[in-house]
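I open my notebook on a new structure.

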Amino acid sequence: MGEPVIQDISLHLEQGELVGLLGSSGVGKTTLMGILAGVDRPDSGKVLLEGEDITGTAGRVGYMLQKDLLLPFKTTLDNVSLPLVLKGMKKSEARKQAAELMARFGLAGSEDKYPHQLSGGMRQRAALLRTHFLGNKVILLDEPFSALDALTKSELHRWFLDVSAQMGLTTLFITHDIDEALTLSHRIYVMAGAPGTIQTELAISAPYPRPADFAFSPEFLQAKRQLLEAIGRQN
Amino acid sequence: MIRKLRNTKNKGDSLSLLLALLILWQLVCSLKLIPPFLLPSPISVVRAFAADFVPIMGHAAVSLGEAFAGLTLGVAAAFVLAIAMDRSDYLYRALYPVILITQTVPTVALAPLLVLWMGYGPAPKIVLVFLVCFFPVAVGLLDGFREADPDTMVLLRSMGANERQIFFHLKLPGALPRLFSGLRIAVSYSIVGAVIAEWLGGSSGLGVYMTRVRKSYAFDKMFAIIFFVSGLSILLMRLTALLEKKMTPWARQGEGKDSKP
């Protein structure tokens, strides 16, 4: 079995919440995500979704990895509707359902394009829409915006806050970027140590939509200092 | 776009070179620098082809039938083996080196043995074609399956996909380009394999025709049939490329972007 990667972790997501998960590389964030997504099984412990034990059961919550991982040989529409097809829905019906949401995700007109014909931001939005079609309002995002340039990133942040409020999504997202965590989150967990544990939990009380100069407010800066300290701390 | 232009230009260059060689060849023959029974002129080769057109087509049908049968069996076997080896690590580790080693055996040299074992009927020809076609397709498929992105596999599992769904949605389409590069080789081998197997005996087929005209020193017919076989190979490879374009539309649409320098 070897050394444990993560240990004694307890976290929760309230309905409609956007929660950030911060921590340095190798601290076990992705391992934790894999367990929450049901792709990996923990040696001990449980994952509960609305009280139901879903430990080791894949396909119950949406999971999006770092890269967009769109299949290069499927069109955008087929990529996006893939989770529905995998669940046994007829292809035509799955496409119809996906087509209805393409516009809201800023993908109108790219239904029949292949992923390499889309921009980075569009691919990420397509990946998010696909994650949404996993059928649950809970989505786990592993560094969803890390591969994008700064401008596309802040544009996507605004858009994501919009969509997740409209659709009532509950999101846990991993990030390396403290500013990103502070801009998006209701709450932030910080993981640190080896094996990784939750070091700190921090609520950001500023209401949405957060003003453009939120990043210069005393609350932001104070929270940032707290987070930086927590990330560096060892057990 | 630039690459495409260059491609067409290359094609034009090689065409004009071929044409020049053809004219040179005709000149050498017309000036009687080489006696015609050793080297027939291009014009007499064309005449020979036209004169024997009907029997040649009959023989071609037989050879193509053998090639097609062997190719189909080879591709089917390659699929079965590649899927089995992809699913079982044990089979992969055990068989992959063995398959590579069998490729050092000159398959064509097996032809006399096959004829010895199976007689002069179509069986040894089909088996030889099968043997030469199997390898490139199996290795192409297997490498294609193995190249499936592990992260994407995790993602599909997180969506609740089972092995069969992962195969059809990820592994198989991902392996198509490699399958087709194997298939292009297999297709050209198949017709040559059939002809070579026919050299060793039989009652019809392009290889049988070839041995007959050789024995009667009809070198113009000999040349005609060589060109015909190579033309057939090119045609079959073209058809394969066409099928590939049809079956991998994403690659075609990528051309514009990928060929940027």
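I began with two helices of chain B. The axes of H8(B), residues 163-199, and H10(B), residues 219-247, come within 9 Å and cross at roughly 160°. Axes here are lines fitted to C-alpha atoms over the stretch in contact, with angles from 0 to 180 degrees between N-to-C directions. H8(B) and H10(B) are therefore roughly antiparallel, a term for angles over 145 degrees.

The model is predicted: local features need pLDDT of at least 70, side-chain atom pairs count only at pLDDT 80 or more, and totals for chains, interfaces and linings use all residues. Residues are numbered from 1 along each chain as written, chains are lettered from A and ligands numbered from 1 in written order, and side-chain values use heavy atoms, without hydrogens and water.

Next I checked who meets whom. Contact means heavy atoms within 4.5 Å. In H8(B), residues including B:Phe180 and B:Ile191 take part, and in H10(B) the partners include B:Leu236 and B:Met247. By class, this contact has 14 nonpolar, three polar and two charged residues.

Then I turned to H9(B), residues 206-215. Is it mostly covered or uncovered? Seven of its 10 residues are buried, so I noted it as mostly covered (buried means under 20% relative accessible area, with a 1.4 Å probe and protein chains only). B:Tyr209 and B:Val213 are among them. The buried residues of H9(B) pack against H3, H8 and H10 of chain B.

Last, I looked up A:Thr170 in strand E6 of chain A. A:Thr170 counts as buried, at 6% relative accessibility. A polar atom of its side chain lies 2.8 Å from the backbone nitrogen of A:Gly16.

Conventions
Helices (H or I, at least four residues) and strands (E, at least two) are DSSP runs, numbered from the N terminus. Angles under 35 degrees count as roughly parallel, over 145 as roughly antiparallel, 65 to 115 as roughly perpendicular and the rest as oblique. Ala, Val, Leu, Ile, Met, Phe, Trp, Tyr, Cys and Pro count as nonpolar, Asp, Glu, Lys and Arg as charged, and the others, Gly among them, as polar. Buried means under 20% relative accessible area, exposed over 50%, partly exposed in between (1.4 Å probe, protein chains only). A polar contact is a pair of N or O atoms within 3.5 Å; within protein, one must be able to donate a hydrogen and the other to accept it, and residues adjacent in sequence count only if both atoms are side-chain atoms.
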